[in-house]
Amino acid sequence: CTLGDLETALSALMTQDDENIALYHGTDYESARQILFRGIYLHAGRQKRDFSSGKGFYLSDSVDDAFCWAKSTTGKPAV
């Protein structure tokens with residue numbers, strides 16, 4: 001489960017230092033659209049699906065890991 005060179009391409013576009021880090025969230029396509037247009041809604045998590053009791057927003061410093069998580073839970077993964 002990999003996005004190939006996407007993480008390398010993203011790293012080239014963003015500067016990471018002691019004050020900044022890129023983090024990724026794996027989800028389904030429609031949820032990604034909702035996040036873009038409405039923001040993050042912490043109560044949208046689902047129990048036994050999002051590693052929690054349903055309240056939280058999980059991020060990874062790896063775009064591949066975020067994509068793999070999304071791919072394992074939906075047919076339309078998005079990061």
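I began with Asp28 and found its place in strand β1, which covers residues 27–28. I note that the model is predicted.

Next I looked for a partner of the Asp28 side chain. I found a polar contact of 2.8 Å between the side chains of Asp28 and Ser31.

I stepped back to the whole chain. I counted 3 helices and 2 strands. Reading from the N terminus, I wrote down the order α-β-α-α-β.

I turned to helix α3, residues 63–73. Which of its residues are buried? I listed Val63, Asp64, Ala66, Phe67 and Ala70. Looking down the axis of α3, I saw that these buried residues fall within an arc of 160°, so they line one face of the helix.

I asked what covers the buried residues of α3. The cover includes α1 (6–13), β1 and β2 (77–78). Strand β1 is also where I had placed Asp28.

At the N-terminal end of α3 I found Ser62 as a cap. One of its side-chain oxygens lies 3.3 Å from the backbone nitrogen of Asp64.

Last, I took the totals. The chain has 79 residues, and 23% of them count as buried. It exposes about 5,900 Å², with 53% of that supplied by carbon and sulfur atoms. For contacts between residues at least 6 apart in sequence, I noted that 61% join residues at least 24 apart.

Terms used
Residues numbered from 1 in each chain as written. Predicted model: local features only at pLDDT ≥ 70, side-chain atom pairs only at ≥ 80, totals over all residues. Heavy atoms only, no water. Helix = DSSP H or I, 4+ residues; strand = E, 2+ residues; numbered from the N terminus. Polar contact = N/O pair within 3.5 Å; in protein donor to acceptor, adjacent residues only side chain to side chain. Buried < 20%, exposed > 50% of the residue type's maximum accessible area, 1.4 Å probe, protein only. Contact = heavy atoms within 4.5 Å. Areas by Shrake-Rupley, 256 points an atom, 1.4 Å probe, with all protein chains shown as cover. Arc of directions from axis to C-beta.
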